[in-house]
Amino acid sequence: MSSTSREAELSANRLGPSKITPLPARTAANAPAPQAHGIARNPGMKLDFGFMESMRSVNRSALERRVASLTKRRSIKADNQAAWLLRAVACMDLTTLNSNDTDERVRRLCAKAVNPFRRDIVEGLGITGEKIRPAAVCVYHPFVATAVDALRGSGIHVAAVSTAFPHGLTPLSTRLQEIEASVSDGADEIDVVIPRGLVFAAKWQELYNEIVAMRAACGEAHLKVILGTGDLATLRNVMLASMVAMMAGADFIKTSTGKESVNATLPVGLAMVRAIRAYFEETGYLIGFKPAGGISTAKASLDWLVLMKEELGRRWLEPDLFRFGASSLLTDIERQLEHHLTGHYSANHRHAMA
């Protein structure tokens with residue numbers, strides 16, 4: 001939509017009832033999480049500066065008040081809390097992005113993804129036979145083939161962080177070659193990093209063109225665009241970068257690499273999910289959201305789930321539209337589930353991890 005037509009529509013809305021585009025129909029609370037990508041992919045759209053201009057005003061104080069109310073208005077206890085924590089596991093990208101990663105470490109992480117809970121916890125919760133597993137395992141490119149082999153037949157996706165993660169400052173041709181290599185090795189999700197300098201310089205067309213090229217290099221693999229929100233300084237930059245990424249064809253927008261000094265925060269997440277809602281109302285395409293970095297406790301995962309439920313609805317609590325990027329979160333969730341069953345907290349070493 002051009003800037004002129006958008007202004008005309010806004011003027012018309014001021015004179016009459018607002019046009020409201022409904023979110024997708026509610027999904028039954030016990031609906032199984034899809035094990036494959038099952039929604040229409042975002043084809044992107046022409047870079048629309050008028051659309052961006054309509055989204056550039058971000059009220060930080062209002063976002064912070066909204067976040068404060070979200071985390072207090074719902075009290076999730078007992079069996080309900082256990083169910084929400086199981087949902088958090090189903091929406092998790094189990095991640096190892098360390099300089100000391102090895103093939104064996106990645107294989108252990110994949111084994112944990114296939115069997116995320118101890119047998120006594122599974123039996124105590126009554127979920128024997130249910131395949132409640134992380135949605136994906138996320139690794140550096142050299143370990144993609146190892147993860148693909150370890151997860152074969154499990155239905156768990158393999159995600160690769162590509163494009164010179166975490167800084168994204170190598171030549172574009174090099175970054176595209178890395179994407180193609182990860183896809184060739186079997187990755188079906190690619191987490192790419194944007195050069196933050198393009199945001200600071202407001203080089204939106206250049207940023208758009210780079211993400212379009214990354215999307216093309218991904219082929220059938222889904223594209224998650226990491227904004228590095230802790231480096232972007234302002235919520236306005238976060239909002240505009242989110243819009244450019246979605247216009248360029250991102251399947252997911254993601255907060256952080258986990259390597260910034262500030263990673264995923266709820267106010268930043270709220271700004272990004274409102275960008276997702278605006279894009280859906282404009283185009284009809286559903287875009288996923290992935291907060292990553294610093295989400296290490298079960299309580300924090302509940303806050304993010306509540307945010308998604310309240311702002312975007314039940315449909316965004318499925319792993320094809322929502323993911324946590326996490327490494328230690330699964331251990332804390334398993335401890336909380338054991339506490340739910342026994343009334344006692346156990347030591348971390350009782351819960352196997354890579």
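User: Is D251 buried or exposed?
Analyst: Residues are numbered from 1 along each chain as its sequence is written, and side-chain values use heavy atoms, leaving out hydrogens and water. Buried stands for under 20% relative accessible area, exposed for over 50%, and partly exposed for what lies in between (1.4 Å probe, protein chains only). With a relative accessible area of 6%, D251 is buried.

User: Happy with that! Which residue forms a salt bridge with D251?
Analyst: A salt bridge here needs a side-chain nitrogen of Lys or Arg within 4 Å of a carboxyl oxygen of Asp or Glu. For D251, the closest N and O atoms are 2.6 Å apart, and the partner is R41. The pair spans 210 residues, with D251 in the loop between α11 (235–247) and β6 (252–254), and in the loop between α1 (3–15) and α2 (49–55), R41.

User: How many helices and strands does the protein chain have?
Analyst: Helices (H or I, at least four residues) and strands (E, at least two) are taken as DSSP runs, numbered from the N terminus. For the protein chain, that gives 14 helices and eight strands.

User: How many residues apart in sequence are the parts tied together by D231 and R196?
Analyst: These two side chains meet in a salt bridge, 3.3 Å from N to O. D231 sits in the loop between β5 (222–226) and α11 while R196 belongs to helix α9 (residues 196–200), so the parts tied together are apart in sequence by 35 residues.

User: What is the handedness of the crossing of α5 and α7, left-handed or right-handed?
Analyst: The axes of α5 (residues 103–114) and α7 (residues 144–151) come within 9 Å and cross at roughly 35°; axes are lines fitted to C-alpha atoms, for helices over the stretch in contact, with angles from 0 to 180 degrees between N-to-C directions. A crossing is left-handed if the near helix is turned anticlockwise from the far one by less than a right angle, and right-handed if clockwise. This crossing is right-handed.

User: How many nonpolar residues does the contact of α5 with α7 have?
Analyst: Contact means heavy atoms within 4.5 Å. The residues involved are D103, V106, R107, C110 and V114 of α5, together with T146, A147, A150 and L151 of α7. Ala, Val, Leu, Ile, Met, Phe, Trp, Tyr, Cys and Pro count as nonpolar, Asp, Glu, Lys and Arg as charged, and the others, Gly among them, as polar. Next to one polar and two charged residues, the nonpolar ones number six.

User: Which residues are in contact with R274, leaving aside its neighbours within four places in sequence?
Analyst: R274 lies in helix α12 (residues 266–283) and counts as partly exposed at 27% relative accessibility. Its contacts beyond those neighbours are M55, L63, R66 and E311.

User: Which peptide bond is cis, with omega near 5°?
Analyst: Look in the loop between β3 (157–161) and α8 (172–185), where P166 lies. The cis bond runs from F165 to P166.

User: Last one: over which residues is the pLDDT below 50?
Analyst: The protein chain averages a pLDDT of 89, and 89% of the residues score at least 70. Where pLDDT is low, the predicted coordinates should not be read in detail. The stretch with pLDDT below 50 has 43 contacts in the model beyond near neighbours in sequence, and covers residues 1–35.

Terms used. This is a predicted model: local features need pLDDT of at least 70, side-chain atom pairs count only at pLDDT 80 or more; totals for chains, interfaces and linings use all residues. pLDDT is the predictor's confidence in each residue, from 0 to 100.
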